[in-house]
Amino acid sequence: MDGDCATTEDLCMQRFGKKKPHRACLVLARGGSKGIPLKNIKPLAGTPLVGWVLRAAIDSEAFDSVWVSTDHDEIAAVSREFGAQVHRRSPEVSRDASTSLETIQEFIRAHPEVDIFGNVQATAPCVHPFHLRKAMKAMTEDGFDSLFAVVRRHAFRWKEVKEGEVTAPLNLNPEKRPRRQDWDGELIENGSFYFCTTALVQKGLLQGGKVGYLEMAAEYSVDIDIDIDWPIAEQRVLRFGYFGKEKRQAPCLVVVSAEGALTELRFISIVVTKSVFVQAPCLVVVSAEGALTEAQVHLSPTGEEFRSFNVHDINGMKQLANRGVEVRIISEDESQVHRQLAAKIGCKLEEGCEDKLAIVDSWRKDLGLDWLQVAYIGSDASDSECIKKAGVNGCPLDAQYPAKNYSRFVSKRRGGQGAIREFCEHVEITIEKANNENKPRPE
């Protein structure tokens, strides 16, 4: 090992004038996307799009610094929340006609300490840390000047012609048309990342010198460009995306906060705990106001209080309960309506909660669970601390930002209008992933 390290350091000394070159990750995330407005922070399977690649880049430990180049305040704020540094790009490289090379060159001029960088695309949410480690290893130990990601495709290509002209094959002989299993296919850039030395960028190139590639499996080769890509990418990332260093664990405790999630006005809080296997009993806690019910409260002429509930939300909670997950409701208020709802679902209700974190923490301890085994969905400021602690967390579409900023899953629906059902489905997917797909990734 010492000999290998010495060889690598000698190579780096020759190439960069230092034994340990500065390795930077750079994600380009302009705010003016035309295809999908602000797509770089649009929630994909509950996580801002840029968050998927930032999580993989930071956890790869292949970089000395991780940066996002952006011209947009909100993208900058989200990027910092995921642990990245922000380079505020100039208006000159923020135009629709600006190229990636121009933007990278500006970054390099502002950060002359960088020797090698990996331009990881925000639109490639299925990149894993092991992809980035392999790429950086090739750059530093194998002496590549540039390297990019490719995927193998088995597609026969034909020449494009104008009306009246005759086409011709580009990569096959029709007389000897091969079977798929008899043809290796072709390597196509999948757009996930481009690694390069600073010296090459200064020459105006992103690919050149000693060029290499890293082949990625088809399931990881996701590139989002237009709206139609989004639902396909969501399904792919739920199955093949990188969710963090911890192994995915099945939720054992789910807490739903009524405020904003079960009702419309407030945020929903659900706490889900994780364990390697689903264990009974599991707990789901739902906060009533604004999560289970709409934010509106109707009063009769006699002063009676009326609130409405979403049947889909109730069915989602029942479905989790049927899987052995215990469901509970948590509420800041005391209400007969909430008591009746809890009785209908068949779950425990905790009312008058001034400190939700203390209540959920006591439940967690009573069940012998870690916070990673808690799932929490909420919408109000009072839910924020639980959301930050929970291993699986979320909020409704109309959640307040103190809660929304910390939520990895953001429902497409408002509180009291199906957000709880969506979160319950997200919890079920987490359980399936924990039980069926918690396998070591190839290195």
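**Reading a fold, feature by feature**

Biologist: Val-360 has its place in helix H10 (residues 356–366). Is Val-360 buried or exposed?

Modeller: First, the ground rules. This is a predicted model, where local features need pLDDT of at least 70, side-chain atom pairs count only at pLDDT 80 or more, and totals for chains, interfaces and linings use all residues. Residues are numbered from 1 along each chain as its sequence is written, and side-chain values use heavy atoms, with hydrogens and water left out. Helices (H or I, at least four residues) and strands (E, at least two) are DSSP runs numbered from the N terminus. Buried means under 20% relative accessible area, exposed over 50%, and partly exposed in between (1.4 Å probe, protein chains only). Val-360 has a relative accessible area of 0%, so Val-360 is buried.

Biologist: How many helices and strands does the protein have?

Modeller: The protein has 13 helices and 20 strands. Of its 443 residues, 53% are buried. Next, contacts: heavy atoms within 4.5 Å. Take those between residues at least 6 apart in sequence: 69% join residues at least 24 apart.

Biologist: Now a sheet. What is the strand order?

Modeller: Pairing first: two strands pair if DSSP finds at least two bridges between them. Here seven strands form an open sheet, ordered S5-S4-S1-S6-S8-S7-S9, with mixed pairing. Strand S5 (85–88) and strand S9 (211–215) are the edges; each has a single partner strand, so one side of each lacks a neighbour in the sheet. On average, neighbouring strands are turned by 30° against each other, direction ignored. Axes are lines fitted to C-alpha atoms, for helices over the stretch in contact, and angles run from 0 to 180 degrees between N-to-C directions.

Biologist: Which residues of S4 face each side?

Modeller: Ser-65, Trp-67 and Ser-69 are on one side, and Val-66, Val-68 and Thr-70 are on the other. Both faces are covered. Six of the six residues in S4 are buried. S4 pairs in the parallel sense with S1 over five bridges. There, Val-27 has Val-68 of S4 as its bridge partner. S4 also runs parallel to S5, joined by four bridges.

Biologist: Why is helix H2 described as largely enclosed?

Modeller: Eleven of the twelve residues of H2 (residues 49–60) are buried, so the rest of the structure largely encloses this helix. Among them are Trp-52, Arg-55 and Asp-59. Just after H2, Glu-61 has a positive phi of about 55°.

Biologist: Which residues does Ser-79 touch?

Modeller: Ser-79 lies in helix H3 (residues 73–81). Ser-79 is buried, at 0% relative accessible area. Leaving out residues up to four places away in sequence, Ser-79 touches Val-50, Leu-54, Val-68, Ala-84 and Val-86.

Biologist: At what angle do H8 and H9 cross?

Modeller: The axes of helix H8 (residues 311–322) and helix H9 (residues 336–345) come within 10 Å and cross at roughly 45°. That makes H8 oblique to H9. The classes are: under 35 degrees roughly parallel, over 145 roughly antiparallel, 65 to 115 roughly perpendicular, the rest oblique. Ile-314, Met-317 and Lys-318 of H8 meet Leu-341, Lys-344 and Ile-345 of H9.

Biologist: How many disulfides are there?

Modeller: A disulfide is a pair of cysteine sulfur atoms within 2.5 Å. By this rule the count is zero. Cys-25 is buried, at 0% relative accessible area. Cys-347 is buried too, at 13%.
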